[in-house]
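Here is my note on the model, point by point. Please keep the structure open while you read.

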Amino acid sequence: MLLGCFLIVYLFVALLTYSPVQSFFGAMASSYFSKEWNATVRLGALHVDPFNRVILHNLLLVDPEGDTVTQMEVLNCKFRHFPFRDGVVELDQVRLKNVYYYLRTDERGLNLDFIINYFAISDTV
């Protein structure tokens with residue numbers, strides 16, 4: 001039984017390193033966040049090194065008003081701790097490659113407010 005569980009986990013991790021599987025998960029993540037944020041999110045591939053890092057390839061983020069927020073070739077995030085402590089994700093390293101970023105602040109606020117608000121923790125005290 002334990003060997004069977006180990007093999008299933010091993011096969012799942014092995015599949016995550018396969019390029020078509022990464023592209024599939026990248027498309028799923030793009031679709032999910034595009035709907036959640038009412039914005040355009042395009043992701044060429046999502047590479048996951050279990051328990052260690054997440055790498056996003058060819059990321060494009062366009063805000064709900066149609067303005068490009070960022071476009072980058074690679075976003076590489078390395079976790080400090082896994083499992084995450086108290087639901088907090090701590091990053092040890094963030095590396096960016098070939099990044100275009102446009103920060104806008106005006107009377108409407110920051111062009112990243114839709115993402116900040118999405119991940120904000122509301123106080124229920």
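1. Start with a side chain at a salt bridge. Arg104 is buried, at 10% relative accessibility. Buried means under 20% relative accessible area, exposed means over 50%, and partly exposed lies in between, with a 1.4 Å probe and protein chains only. The side chain of Arg104 meets that of Asp106 in a salt bridge, 3.1 Å from N to O. A salt bridge here is a side-chain nitrogen of Lys or Arg within 4 Å of a carboxyl oxygen of Asp or Glu. Asp106 is partly exposed, at 27%.

2. A word on the basis. This is a predicted model, in which local features need pLDDT of at least 70 and side-chain atom pairs count only at pLDDT 80 or more, while totals for chains, interfaces and linings use all residues. Residues are numbered from 1 along each chain as its sequence is written, and side-chain values use heavy atoms, with hydrogens and water left out.

3. The overall layout. The chain has three helices and six strands. Along the sequence the pattern reads α-α-β-β-β-β-β-β-α. Helices (H or I, at least four residues) and strands (E, at least two) are DSSP runs, numbered from the N terminus. The C-alpha atoms fill a box of roughly 60 × 40 × 25 Å along the principal axes. Of the 125 residues in the chain, 27% are buried.

4. Which residues does the salt-bridge network link? Asp63, Glu65, Arg104, Asp106 and Arg108 are its members. Within it, Glu65 pairs with Arg108, and their closest N and O atoms are 2.4 Å apart. Glu65 sits in the loop between S2 and S3, and Arg108 in the loop between strand S5 (105-106) and strand S6 (109-110), so the pair ties together parts 43 residues apart in sequence. Glu65 is partly exposed at 45%. Arg108 is also partly exposed, at 48%. The structure holds seven salt bridges.

5. Another salt bridge deserves a look. Lys97 pairs with Glu73, with 3.6 Å between the closest N and O atoms. Lys97 is in strand S4 and Glu73 in strand S3, so this pair links distant parts of the chain, 24 residues apart. Lys97 is partly exposed, with 44% relative accessibility. Glu73 is partly exposed too, at 31%.

6. Now the largest pocket. It holds about 860 Å³ of space. The search ran on a 1 Å grid over the protein atoms alone; a pocket is an open set of points where a 1.4 Å probe fits, with protein on both sides within 12 Å along at least five of seven lines, and lining residues have an atom within 4 Å of a point. The volume is the space filled by probe spheres set on the points, which are joined across faces, edges and corners.

7. What lines the largest pocket? There are 22 lining residues, and Phe33, Trp37, Leu56, Leu75 and Phe119 lie nearest the centre. Two or more lining residues come from each of helix H2 (19-37), strand S1 (40-49), strand S2 (53-62), strand S3 (68-79), strand S4 (91-101) and helix H3 (113-119). S3 gives the largest share, six residues. The lining divides into 21 nonpolar residues, one polar and no charged. Nonpolar covers Ala, Val, Leu, Ile, Met, Phe, Trp, Tyr, Cys and Pro; charged covers Asp, Glu, Lys and Arg; the others, Gly among them, are polar.

8. Val89, Leu91, Val94, Leu96, Val99, Tyr101 and Leu103 make a nonpolar patch of about 610 Å². Patch residues have over 30% relative accessible area and no salt bridge, and nonpolar side chains (Val, Leu, Ile, Met, Phe, Trp, Tyr) are joined within 5 Å. Areas come from the Shrake-Rupley method with a 1.4 Å probe. Leu91 lies in strand S4 and is partly exposed at 36%.

9. Val69, in strand S3, is buried at 0% relative accessibility. Val21, in helix H2, is buried at 18%. Val21 and Leu46 are 25 residues apart in sequence and 8.8 Å apart in space, C-alpha to C-alpha.

10. Finally, backbone angles. Asn58, in strand S2, has a positive phi near 55 degrees and is not a glycine. Asn98 has a positive phi of about 50 degrees, again without being a glycine. Asn98 is in strand S4 and is exposed, at 54%.

Key:
Patches are made of residues with over 30% relative accessible area and no salt bridge: like charges are joined within 9 Å, nonpolar side chains (Val, Leu, Ile, Met, Phe, Trp, Tyr) within 5 Å.
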